[in-house]
Amino acid sequence: RDGDGKAALGPMLREYIISEAMHYLNIPTTRSLAVIKTGEKVIREKELKGAILTRVATSHLRVGTFQYFAYKKDDSNLKTLINFTINKHYPSLKNKENLYLNLIDKLMEKQIDLIVNWMRVGFIHGVMNTDNMLVSGETIDYGPCAFMDEYNPSIYFSSIDKHGRYSYKNQPAIMIWNLSKLAEAFIPLVDKNKEKAVIELSEVLNLAMPTYQEYFYIEMSKKFGLKNVDQKVMNLINNYLKILMDNSVDFVLSFRDLGKLLSDNKKIDDTVFKNVKNFNNWYFEFLNLLSLKKLTKLKVSKTMESYNPCYIPRNHLVEDAIINAVTGDMKKINLITELLKEPFTEKNGYESYTKPSSSDKRYVTYCGT
């Protein structure tokens, strides 16, 4: 896009906050070692302070790295890159037959695990191209990313995403698209017969969506304090998400309040479920399911409290903290990052940090470089 490749201070501080939040939410992520002011002016819609982010990862190998050598038809360096990847990240694959197919399968599993983790906290990456997908399975490039407030599967925030390609609900499909681009790079190495190689790689990729669905329901069931997934549990999850969507209920707060309802710490009128259509019927079914599985309300409540965060980097709080930090006041950023170190533990006096913005204005995020 004819960009200069330079970064402004605000977006780099934003990556610091959100990558730290992801770390403490137990989601694989790159982290920020340092944000350094350059003293340079960066020209965007207006003049901004320049900065450099020092990003730390187990490696910086991206799907795009493999595409580069495949595009050049440089099979020798492609093999070198794959061997490095296996030695660095997946040494258990070294002695496997069908090495390249096994590697694709492993990378697919890693990506599915990552995207499911994003989905469980309402994280929208915003720019899931192949250059922002690490083969280590860590989240990278916190440019136009954001966390969802009210549950809306179609939500997206990026200023350059005009049609919702990278919306919350599309993240699993984009993951598979990215994996297919990676598989294309592997074609000449899997088999000299191109048609045979495509068939074999397709057989692996065809398992991606069913595996994602399996992982998704396992993770979502944990949010309800449940362990074993069956059709009743999947129906319960689907119905709950539909209620959240139909009533524009806050995604993160809903799970915290549901846990408090179970422990009798709150009444429905004191939760996000007040005046929510069909919730009472759903809640009755939930209690019946817990009884059927011989689970006590208190035990499930405790499990939910330990798995559902009360603190996430709410978009309005992050923006406010950054505005202050750019002028030299780091107090708000330091406070947010301290709260995010214990995202499952509510602290007295910080209730406002658990709530969404009261503004009706649509939140928009921008690329940082």
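The model described here is predicted.

## Overall chain

The protein chain contains 13 helices and five strands. A compact globule of 369 residues would have a radius of gyration near 21 Å, and the 22 Å of the protein chain agrees with this. Along the principal axes, the C-alpha atoms fill a box of roughly 65 × 55 × 35 Å.

Of the 369 residues, 49% count as buried. Among contacts with a separation of 6 or more, 69% are between residues 24 or more positions apart.

## Helix α10: extent

Helix α10 spans residues 279-292, 14 residues in total. From its first C-alpha to its last it reaches 20 Å, close to the 20 Å expected at 1.5 Å a residue.

The buried residues of α10 are F279, W282, Y283, F286, L289 and L290. They lie on the same side of α10 because they cover an arc of only 115° around the axis. An α-helix has 3.6 residues a turn, so residues three or four places apart point the same way.

On the face turned away from the buried side are the exposed residues N280, N281, F284, S291 and L292.

## Packing partners

Technical notes
Residues are numbered from 1 along each chain as its sequence is written. This is a predicted model: local features need pLDDT of at least 70, side-chain atom pairs count only at pLDDT 80 or more; totals for chains, interfaces and linings use all residues. Side-chain values use heavy atoms; hydrogens and water are left out. Helices (H or I, at least four residues) and strands (E, at least two) are DSSP runs, numbered from the N terminus. The expected span of a helix is 1.5 Å times one less than its number of residues. Buried means under 20% relative accessible area, exposed over 50%, partly exposed in between (1.4 Å probe, protein chains only). The arc is that of the directions from the helix axis to the C-beta atoms. The radius of gyration is taken over C-alpha atoms; the globule rule is 2.2 Å times the number of residues to the power 0.38. Contact means heavy atoms within 4.5 Å.
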